[in-house]
Structure formats: C-alpha cells, structure tokens
Amino acid sequence: MEKANDNSYRVEGDCTIRGITRQLGFDAIHQGNRKNEMGHTIAAFKIIGNINRHYFGIKSNVFTETFIGKDVTIVLDLEFVQMDIRVW
C-alpha cells in the first residue's frame with residue numbers, strides 16, 4: 001500500500017481466481033476515522049478496482065456475454081480496528 005496523496009493510496013498485490021494468479025492494483029480512499037463504543041479507533045477505507053475476467057480464464061458463454069461484461073468492477077468498503085495489545 002503506497003500513499004498517493006492526503007487520503008488516497010494505491011494497493012497492489014496478487015489475486016487468484018480459479019487457480020490463476022495475476023498482480024492487480026486498486027485505488028484506496030481513506031474515508032476517515034471514528035471511535036467505536038469501546039473507544040477503539042476505526043479507520044474506514046473504500047477500495048475500487050477493475051479486473052478483466054478473461055485474464056482469469058472465465059470463459060464466455062451466452063449468460064456471461066449477456067449479463068456480465070469483460071471488465072468487472074470490484075468495490076470494497078472496509079473498516080480496520082486499532083486494538084490495544086497488552087502482554088500479560
């Protein structure tokens with residue numbers, strides 16, 4: 001994950017679908033922090049990217065060509081909780 005500007009990042013990594021692994025890159029937007037009811041900080045991110053299903057061997061047929069395009073958009077809304085780790 002590399003910082004692009006104040007609240008934007010670039011996330012790159014391997015993605016495996018149907019046994020085929022490709023390196024992909026997605027844009028991540030930090031949407032802010034908040035505290036939960038236990039006082040832990042929660043960071044919210046939205047990650048958006050596109051994949052070409054043909055790169056992963058997802059073959060065309062009447063259904064996929066009619067209802068699913070070649071490029072598929074992936075949108076993830078994620079929250080990360082910062083926990084206090086204490087050694088007993």
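**Salt bridges and core**

Biologist: How many salt bridges does the count come to?

Modeller: The count comes to four salt bridges, taking one as a side-chain nitrogen of Lys or Arg within 4 Å of a carboxyl oxygen of Asp or Glu. Bear in mind that this is a predicted model, where local features need pLDDT of at least 70, side-chain atom pairs count only at pLDDT 80 or more, and totals for chains, interfaces and linings use all residues. Residues are numbered from 1 along each chain as its sequence is written, and side-chain values use heavy atoms, with hydrogens and water left out.

Biologist: OK, which residue does D27 form a salt bridge with?

Modeller: R10, and the closest N and O atoms are 2.9 Å apart. D27 lies in strand β3 and R10 in strand β2 (residues 8-17), so this pair ties together parts 17 residues apart in sequence. Strands here are DSSP runs of E, at least two residues, numbered from the N terminus.

Biologist: And which residues are linked in a network with D27?

Modeller: R10 and E12; together with D27 they form a network of salt bridges.

Biologist: How exposed is D27?

Modeller: D27 is partly exposed, at 44% relative accessibility. For the cut-offs, buried is under 20% relative accessible area, exposed is over 50%, and partly exposed is in between (1.4 Å probe, protein chains only). R10 is partly exposed too, with a relative accessible area of 34%.

Biologist: What does R34 pair with?

Modeller: The R34 side chain meets that of E79 in a salt bridge, 3.4 Å from N to O. R34 sits in strand β3 and E79 in strand β5 (residues 71-81), so the two tie together parts 45 residues apart in sequence.

Biologist: How about D77, which side chain does it meet?

Modeller: That of K46, in a salt bridge of 2.8 Å, N to O. This pair links distant parts of the chain, with D77 in strand β5 and K46 in strand β4, 31 residues apart. D77 is exposed, with a relative accessible area of 55%, while K46 is partly exposed at 23%.

Biologist: Switching topic: what makes up the largest nonpolar core?

Modeller: Nine residues in all: Y9, L24, F26, A28, A43, F45, I47, I51 and F56. A nonpolar core means buried Ala, Val, Leu, Ile, Met, Phe, Trp, Tyr and Cys residues joined through side-chain atoms within 4.5 Å.

Biologist: Which element gives the largest share?

Modeller: β4, with four residues.

Biologist: What does L24 touch?

Modeller: Not counting residues up to four places away in sequence, L24 touches V11, E12, G13, C15, I51 and F56, where contact means heavy atoms within 4.5 Å.
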